[in-house]
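Please open the structure in your viewer and keep the selection tool at hand. The tour below goes from stop to stop, saying what to select next and what is there.

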Amino acid sequence: MSHPRESHGATGEGALSARMGIEYIELTPQRVVARMPVDGNTQPYGLLHGGASCVLAETVASIGSALYAGPERFAVGTELNASHHRSATSGYVTAVAVQLHSGRSTATYDVAVTDDRDQRICTARVTCMLRDKIPSP
């Protein structure tokens, strides 16, 4: 069995990211930007699902945390707080994660999710725990 960092790594190439259609625009430990289509990520009323916004927010923060952690460590989400401000029904939503805290054992990001008109859809705060990589046997 491969280690999470080896199979998905800091590039966010996990199955859920691909299923959601997440595309990466900017990747640094201090700032991660990605976008996701509304189409295919809606709830029954045709609005962007709040859970989809949360997936996008946790994904960008986790990638930033993994980049900050470096190759000998990995990041796992431990806290997600999200406020949904308005709905989106088409186009793309874009998440910008900005590092708020960069410690030895945790990293925290402020994430703004906006629509194609740059209106804020969701505001989230995500904290990730930074763990040492498990040595291979």
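The model is a predicted one, in which local features need pLDDT of at least 70 and side-chain atom pairs count only at pLDDT 80 or more, while totals for chains, interfaces and linings use all residues. Residues are numbered from 1 along each chain as its sequence is written, and side-chain values use heavy atoms, with hydrogens and water left out.

**The cysteines**

Select Cys 128 and Cys 54 together. The closest cysteine sulfur to that of Cys 128 is the one in Cys 54, and because 14 Å separates the two, they are too far apart for a bond. For Cys 54 itself, the closest cysteine sulfur belongs to Cys 122, at 5.5 Å, which is also too far for a bond. By the rule given above, the count of disulfides is 0. Cys 128 has 0% relative accessibility and Cys 54 has 18%, so Cys 128 counts as buried and so does Cys 54; buried means under 20% relative accessible area, exposed means over 50%, and partly exposed lies in between (1.4 Å probe, protein chains only).

**The whole chain**

Now show the chain as a cartoon, where you can follow 3 helices and 6 strands; helices (H or I, at least four residues) and strands (E, at least two) are DSSP runs, numbered from the N terminus. Starting from the N terminus, their order is α-α-β-β-α-β-β-β-β. Along the principal axes, the C-alpha atoms fill a box of roughly 50 × 30 × 25 Å. The radius of gyration of the chain is 15 Å, which agrees with the value near 14 Å that a compact globule of 137 residues would have; this radius is taken over C-alpha atoms, and the globule rule is 2.2 Å times the number of residues to the power 0.38. Of the 137 residues, 41% count as buried.

**The nonpolar core**

Which residues touch the most other members of the largest nonpolar core? Select Met 36, Leu 48, Leu 56, Val 60, Val 93, Val 111 and Val 113, which hold that place among its 31 residues. A nonpolar core is a set of buried Ala, Val, Leu, Ile, Met, Phe, Trp, Tyr and Cys residues joined through side-chain atoms within 4.5 Å. Two or more residues of this core come from each of strand 2 (31–37), helix 3, strand 4 (92–102), strand 5 (106–114) and strand 6 (120–132), and helix 3 gives the largest share, 9 residues.

Stay on Met 36 for a moment and display its surroundings. Leaving aside neighbours within four places in sequence, its contacts include Leu 48, Leu 56 and Val 93, where contact means heavy atoms within 4.5 Å.

**Along helix 3**

Next, select Thr 59, which is found in helix 3 (residues 50–69). Thr 59 counts as buried because its relative accessibility is 12%. A polar atom of the Thr 59 side chain lies 2.7 Å from the backbone oxygen of Val 55. Beyond neighbours within four places in sequence, Thr 59 is in contact with Ser 17, Ile 22 and Tyr 24.

Ser 65 has its place in helix 3 too, and with a relative accessible area of 0% it is buried. Once neighbours within four places in sequence are left aside, Ser 65 is in contact with Ala 75, Ala 107, Tyr 109, Cys 128 and Leu 130.

Move on to Thr 108, placed in strand 5, where a relative accessible area of 11% makes the residue buried. Its contacts, with neighbours within four places in sequence set aside, include Leu 100, His 101 and Val 126.

Then select Arg 86, in the loop between strand 3 (73–84) and strand 4. Arg 86 counts as partly exposed, at 42% relative accessibility. From C-alpha to C-alpha, Arg 86 and Cys 122 are 7.4 Å apart in space, although 36 residues apart in sequence.

Is Asp 118, the last stop, buried or exposed? Asp 118 lies in the loop between strand 5 and strand 6, and at 61% relative accessibility it counts as exposed. Although Asp 118 is not a glycine, it has a positive phi of about 65°.

Methods:
A polar contact is a pair of N or O atoms within 3.5 Å; within protein, one must be able to donate a hydrogen and the other to accept it, and residues adjacent in sequence count only if both atoms are side-chain atoms. A disulfide is a pair of cysteine sulfur atoms within 2.5 Å.
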